[in-house]
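Could you walk me through this structure in my viewer, one selection at a time? I am new to it and would like to know what to pick next and what is there.

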Amino acid sequence: MSGIYIHIPFCKQACHYCDFHFSTNLKYKKDIIDAICDELRFRESEFKNTTVQTIYLGGGTPSVLEVAEVEKIIQTVFDVYTVSSNPEITLEANPDDLTKEKIVAFSNTRINRLSIGVQSFFEEDLKLMNRAHNAVEAHECIEFAVPYFPNISIDLIYGIPGMSEARWRENLHKAIDLKVPHISSYALTVEDNTALKSFIEKGMIENVDDEVAQEHFQILLDVMQLHGFENYEFSNFSKPGFFSQNNTAYWTGKSYIGIGPSAHSFDGKKRGWNINNNVKYLKAIQAGELPMEIEELTVVDRYNEYIMTGLRTIYGVSLHKIETDFGPNFKEYLLKQAAEYLKDHLLYIDGDTLLVTRKGKFLSDGIASALFMVNLS
Amino acid sequence: MKNIRNFCIIAHIDHGKSTLADRLLDATQTVTKRESQAQLLDNMDLERERGITIKSHAIQMDYTAPDGEQYILNLIDTPGHVDFSYEVSRSIAACEGALLIVDAAQSIQAQTISNLYLALENDLEIIPVLNKVDLPSANPEEVTDDIVDLLGCDPSEVIPASAKTGLGIQDILDAIIERVPAPVGDPDEPLQALVFDSQYNQFRGVETIFRVINGSIKKGQHIKFVATGESYYADEIGTLKLNQVPKKEIKAGDVGYLITGIKEAKEVKVGDTITDHAKPTTNPIGGFEDVKPMVFAGIYPVDTEDYEDLRSSMEKLQLNDASLVFQAESSAALGFGFRCGFLGMLHLEIIQERLEREFDMTVITTVPNVSYHAYTHKNPDEILIVNNPSDLPEPSSLNRVEEPYIKATIITKSDFVGNVMSLCIEKRGVVTNQTYLTTERVEMTFDMPLAEIVFDFYDRLKTVSKGYASFDYAPLGMRESKLVRVDILLNAQTVDALSALIHFDNAYTIGKKMVEKLRELIPRQQFDIPVQAAIGAKIIARETIKALRKDVTAKCYGGDISRKRKLLEKQKKGKKRMRQVGNVEIPQQAFMAVLKLND
Ligand SMILES: Nc1nc2c(ncn2[C@@H]2O[C@H](COP(=O)(O)OP(=O)(O)OP(=O)(O)O)[C@@H](O)[C@H]2O)c(=O)[nH]1
Ligand code: SF4
Ligand SMILES: [Mg+2]
């Protein structure tokens, strides 16, 4: 079972906090779609012996594409690869693209899951982040979509400067009231080379506050739990049966291929990145080359990644898997490193599985790092 | 012997000694084009990276003068940095002449003068060389005048040169032949050779570098070291070209190396006299004063389990660097480690770096201090040597403390006299003299506590003088002083390794700066950490490191995994360089932070 991720590198306008790869210039849209289809064909051999279980169109904003363009890409996947009988096919979409007609049209394609970039139901937040949609669109698109797509996820951001605890609660309740079965929720993060960072540095926007983010996160955990959502990954909450299969594959070390500029691939041992420049990507594909950089993972790299991703999920880190996949010395090392965190109730062991406690969740990167194996030189 | 010339190259730091040595090696074809590289004699990795000479380096050149006469020239390149001035004095003792290099843009600087005096004390013939005349900023006329004033020589004796372009190199060679006296000595007397350097070779043991004064040394000869009283056989002797060249005999006046199978650097004392075992000389050479460490600091393994490894690494390092002294000690905060004595702050930095680089030892260096004399009420006349702040007796039992003073010489431009003066006064200095060397350049001398030089003096001096100040110092002896120990408490626990002895008048300001600096450097942890400075039981400053609330990134999808793993790996590496004291993790550099309070 494997996944295919397809990166659509276009957006209508740039959100202030975003450091993804995208272009607001749609000039090469058609060419890129052709190139993506070409890349799908080039890489046929990579999935010779496996069935495709998930297809994910991410970005960027895939919903800026015409429905026919999306269909063309999906059709190419089906033409080239063996797709399972009940695949999960997700389209990332932004509220401003999701008119009623477009939702209906997408529902008539093979797409069976929408991931909508709502981020907030409040005008102030949307403005501050320079989102392309407004509060009304945020609300309406979900209302329209729910009848057509039982499997919907929305993104919500917390810790936005000026966002009160009450407003954050209200955001969550709106999502619950709209009967969304899956929520991905992120703390607003100030990335390098973003407009947000420069506004904060210039004092035009208040900086994000870890203290506030931590409070909002606690609210998130409480509200989600109360309404029957499972926190199956640090930032992801789902009603039973609605886990994102595509994303779960990332966290459990499954293989996937990434198509399109800046997309990343993983075959269990090697990671690859496509070049994150639309024109260079196009030129390479047109010349029949794959513009990919490859990194081979060592055993220690794989151990570290397993710890890092494992601790973020409800699956945790299996001590048995550590022992069988990496060796008894890895298990011994891990338990030794984990001791102080177990003592401080930031980690706990359930049967064979090492997990972060609720108290440890918001510190889980630091904890993962402490469990890593590195050599100093 | 009349065709041997022994000379060293001395100067202020960076005036071009090693580069000039390169040109001489080229001109005499001692190295081939292929072997040639910039500052060839700086063969330690650290020397090459930092672009400075740390150890003196002797090399022999064969030279055919324009008149066809054959000469042997023994050259010794010396370091310019004040921490290593003992290297200069040893080299000087093996020579009859010195090239005194002066940078034509910078003119005479503090170590130009101090090294010149060292050479004059040993009656060396001085050949002044005006180097870097190719620089656009060179000031040849004025600097020549400065040199003439300093030496009382004739302007025609100053050789204009450029170690970069090769200008003047022939003139320098001619001057060496004409002006440096040939060695005097009697080849028929009993062997009398001066040990002026030694180095450690992993495979061959200790290599002793010597200069034969009288008699000669032969391969296989049964020899004796006068000071240590030990006898050996001269397994191998030879001359120092780019590589060692074994010889059967080295005669009076010449320089060479000796290998006897000695494994312990301690067995060879630089300054000792080598003589014949059966027919010893009645006239051993004066020898050198022991090098005295100026600065002390604790060196501890980051990981307590590495203590024994650290010991063996330090011992090996000492084979190479006899000026390093150390002794086991323990700290409540850091466990077992060593109190080490260094020649200065650069020496300390270099030792720390070499431990890391050559022995893969990650260490914590504690706050450096000088060596104090304490006297208690009970024994007011008995000196208690305090090389570690925690050895200072309790204030109630303390009669008085003395600290080492130095005579500091600073040469700067007249524009910066005011700035330099304020800095030195702030550093508890007292002006003792101020002389205008020229209308532009001033030499100032201060009596100053050595301890103040340790605390961010060089950097500050550089800043206040925009780089136009050079500094040299010589010990003056001990003086009584009002010193207190400022302790640092983390999470209400005293961390002895962060204690410092500070003059009472500065204790509050420095205590405050120390806690501020530590707040910046100690990473946030899962709880609030109070950082306090105290004198005895009295808290004089306080800061709090707020607890870490968020240590996780929101997103971790396919494309983030690798980047994020690398980030967390880096974090882990950083943490491995930290030391847990109580439940607080302190990064390696925090221990030295008090030295950089003004950054
Ligand atoms: N332009 C110019 N640069 C020179 C000349 N001689 C040396 N330099 C440069 O000056 C710098 C210092 O040269 P070194 O030969 O390392 O100086 P040094 O006196 O041996 O320095 P220490 O051993 O550290 O005291 C280097 O960057 C050289 O390239 C010269 O004649 N002209
Ligand atoms: S729509 Fe998504 S990808 Fe595009 S700029 Fe906004 S956050 Fe970034
Ligand atoms: Mg040099």
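Select Asp134(B): leaving aside neighbours within four places in sequence, Asp134(B) is in contact with Ser162(B), Lys164(B), Thr165(B) and Leu167(B), where contact is a pair of C-beta atoms, placed from the backbone, within 7 Å. Asp134(B) lies in the loop between strand E5 (125-131) and helix H5 (140-151) of chain B. Here helices (H or I, at least four residues) and strands (E, at least two) are DSSP runs, numbered from the N terminus. With 15 C-beta neighbours inside 10 Å, Asp134(B) counts as partly exposed; a residue is buried at 20 or more other C-beta atoms within 10 Å of its own, exposed at 12 or fewer, and partly exposed in between, with C-beta atoms placed from the backbone.

Before moving on, a word on what is on the screen. This is a predicted model, in which local features need pLDDT of at least 70 and side-chain atom pairs count only at pLDDT 80 or more, while totals for chains, interfaces and linings use all residues. Residues are numbered from 1 along each chain as its sequence is written, and chains are lettered from A and ligands numbered from 1 in the order in which they are written.

Now select His15(B). Is His15(B) buried or exposed? His15(B) is buried, with 28 other C-beta atoms within 10 Å. Look for His15(B) in the loop between strand E1 (4-11) and helix H1 of chain B. Beyond neighbours within four places in sequence, the contacts of His15(B) are Gly80(B), Ile101(B), Val102(B), Asp103(B), Gln106(B) and Asn131(B). The UniProt annotation "binding site", from an unreviewed entry, covers residues including His15(B), Asn131(B) and Asp134(B). Its positions are given in the numbering used here, feature names are shortened, and annotations may be inferred rather than shown by experiment.

Next, show ligand 1. It is surrounded by 21 residues, and the closest are Gly16(B), Ser18(B), Ile52(B), Thr53(B) and Gly80(B); a residue counts here if its C-beta atom, placed from the backbone, lies within 6 Å. Helix H1 (residues 17-27) of chain B gives the most to this shell, with three residues. Colour the shell by type and you will find six nonpolar, 10 polar and five charged residues. In this scheme Ala, Val, Leu, Ile, Met, Phe, Trp, Tyr, Cys and Pro count as nonpolar, Asp, Glu, Lys and Arg as charged, and the others, Gly among them, as polar.

Switch to the cartoon view of chain B and find the open sheet of six strands, in the order E2-E3-E1-E4-E5-E6, with mixed pairing. Strand E2 (57-64) and strand E6 (159-160) of chain B are at the edges, each with a single partner strand, so one side of each has no neighbour in the sheet. Two strands pair if DSSP finds at least two bridges between them. Strand E1(B) and strand E3 (residues 70-77) of chain B pair in the parallel sense over six bridges; Phe7(B), for one, has Leu75(B) as its bridge partner in E3(B). E2(B) and E3(B) run antiparallel, joined by eight bridges, and Gln60(B) has Asn74(B) as its bridge partner in E3(B). These two strands, E2(B) and E3(B), form a hairpin with five residues between them, and Gly68(B) in the turn has a positive phi of about 95°.

Zoom out to the whole of chain B, which is divided into domain 1 (4-179), domain 2 (192-276), domain 3 (295-361), domain 4 (372-481) and domain 5 (485-595). Such bounds come from an automatic or database domain assignment. The centres of domain 1 and domain 5 of chain B, taken over C-alpha atoms, are separated by 47 Å.

Where do the chains meet? In the model, 26 residues of chain B are in contact with 36 residues of chain A. The side of chain B that touches chain A has seven nonpolar, seven polar and 12 charged residues.

Finish at ligand 2, whose surroundings include Cys11(A), Cys15(A), Cys18(A), Phe20(A) and Asn94(A). Its shell divides into six nonpolar, five polar and no charged residues.

Notes: Contact = placed C-beta atoms within 7 Å.
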